[in-house]
Amino acid sequence: MGSSPLHIAVIGSGIGGLTAAIALQAKGFQVDVYDQASELSAIGAGIALGGNGVRVLDELGLGPAVRAAASNLPRIQFHHWQSGDIFYEHPMGDWYDERFGGPFLGIHRGDMHQVLLDAFDGEPQLGRRAAAVHESPDGAEVEFADGSKVQADVVIGADGLRSVIRHHVTGPDEPVFSAMSCFRGLVPAQKVPGADTMGLTFMLGPGRHLVIYPVRGGELINFVAYVPDPEWTLESWSSKSEPAEAVAAFDGWNDTVVSMLSNVEEVGRWALYDREPLRKWSTERVTLLGDAAHPMLPHAGQGSNQAIEDVAALAHYLSADGLATAEALQKYEQLRKARTRQIQMGSRGNAACFQLPDGPPADERNARLVSLADNVAWIHGYNVYADLQEEK
Ligand SMILES: Cc1cc2nc3c(=O)[nH]c(=O)nc-3n(C[C@H](O)[C@H](O)[C@H](O)COP(=O)(O)OP(=O)(O)OC[C@H]3O[C@@H](n4cnc5c(N)ncnc54)[C@H](O)[C@@H]3O)c2cc1C
């Protein structure tokens with residue numbers, strides 16, 4: 001870097017944008033974050049962080065705060081939808097940490113955002129909806145919907161599934177609707193049977209499934225309940241649903257599911273989209289990160305983890321000696337494209353596998369779970385810093 005640090009404008013203050021801002025500040029850049037939201041509100045859902053993401057958070061010095069706010073999930077269990085019987089179980093906790101080089105954590109999204117906001121030196125500028133980007137050889141200008149403009153040396157589009165910055169980089173493309181939606185909510189642990197020993201819990205049944213795990217040190221149980229739904233097309237934290245609809249969608253399921261859904265006070269409903277993988281993530285001065293670059297269905301639990309991995313690579317190349325900005329952005333996308341594409345495609349495939357009807361194909365799937373840890377090692381055990389080291 002020269003004497004005057006690059007000015008970087010990050011569009012979006014989600015997990016990807018804020019983590020990027022923290023990492024880039026640590027490298028000495030001048031960073032501003034802009035978000036269209038008019039206020040930062042606590043988001044009522046959980047997120048699972050794998051060893052691959054936590055490794056990066058550790059490197060950024062965020063590990064202790066994240067661990068303190070989260071639940072370290074002690075085990076993984078797969079249950080039959082109707083009987084509730086466990087058909088596969090494996091320890092996580094210390095075992096997972098040693099195998100994959102970091103813990104598997106369940107964290108409330110609001111808690112995760114707070115950790116990131118505390119670590120960012122500054123405040124995201126709210127009510128700033130990016131509408132367009134204009135580039136020149138010397139820099140880029142972001143134009144906001146309110147008519148204001150900012151100049152920056154580099155613009156990072158961390159503006160999620162419906163990214164405006166993506167449109168600038170690659171031209172138009174549309175989100176792909178999965179014809180599936182999910183109910184999401186948080187329930188006090190004392191209202192969920194077996195919550196005190198609960199880890200990462202899958203309930204698998206014909207055409208639907210749930211993923212359940214504790215957050216906030218076990219105080220709350222987070223659930224995501226997936227259902228087929230070609231009609232529900234809203235994806236917004238504000239699209240509320242009636243708890244009774246979730247209960248009805250899981251009629252006949254085991255007691256844990258029914259009693260958990262019956263005790264939730266507020267349920268969000270979220271249509272699930274991804275996009276086709278991109279060939280190109282960057283121009284000379286503008287790049288993409290997180291869901292803006294590679295939105296994926298949640299069935300591998302990796303969207304945020306991949307955004308966090310992106311951050312490590314982008315901060316590394318932008319601060320590498322002797323790399324011009326455009327070259328740094330090219331190296332960043334070259335490192336990240338194949339891996340994120342593979343996880344995007346894998347996430348699409350997982351839902352069908354989770355939702356098999358009872359019978360021989362489901363029995364075969366269940367039998368294959370003994371190899372689960374080996375099968376996901378390339379995702380959870382991945383060390384982005386090792387790849388960056390090899391690149392030098
Ligand atoms: C049901 C479900 C469960 C999931 N579970 C997991 C999980 O367990 N683990 C995991 O790793 N991932 C999970 N994910 C994926 C994860 O939520 C996303 O991948 C992640 O939040 C993406 O972060 P991001 O910062 O890239 O984008 P976002 O979180 O979408 O943030 C984008 C930000 O940009 C802002 N913005 C948008 N447009 C503009 C604009 N034009 N101008 C200014 N600001 C703008 C938005 O207001 C927002 O704050 C899950 C997703 C779903 C739907």
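Residues are numbered from 1 along each chain as its sequence is written. Because the model is predicted, local features need pLDDT of at least 70 and side-chain atom pairs count only at pLDDT 80 or more, while totals for chains, interfaces and linings use all residues.

**Stop 1: helix 1**

Select residues 15-26, which form helix 1. Helices (H or I, at least four residues) and strands (E, at least two) are DSSP runs, numbered from the N terminus. From first C-alpha to last, helix 1 reaches 17 Å with its 12 residues, close to the 16 Å expected at 1.5 Å a residue; the expected span is 1.5 Å times one less than the number of residues.

Is helix 1 mostly covered or uncovered? It is mostly covered, with 10 of its 12 residues buried. A residue is buried if 20 or more other C-beta atoms lie within 10 Å of its own, exposed if 12 or fewer, and partly exposed in between, with C-beta atoms placed from the backbone.

**Stop 2**

**Stop 3**

Most residues other than glycine have a negative phi. Ala179 is partly exposed, because 13 other C-beta atoms lie within 10 Å.

Finish at Arg216, in the loop between strand 14 (208-215) and strand 15 (220-228). Arg216 is partly exposed, with 19 other C-beta atoms within 10 Å.
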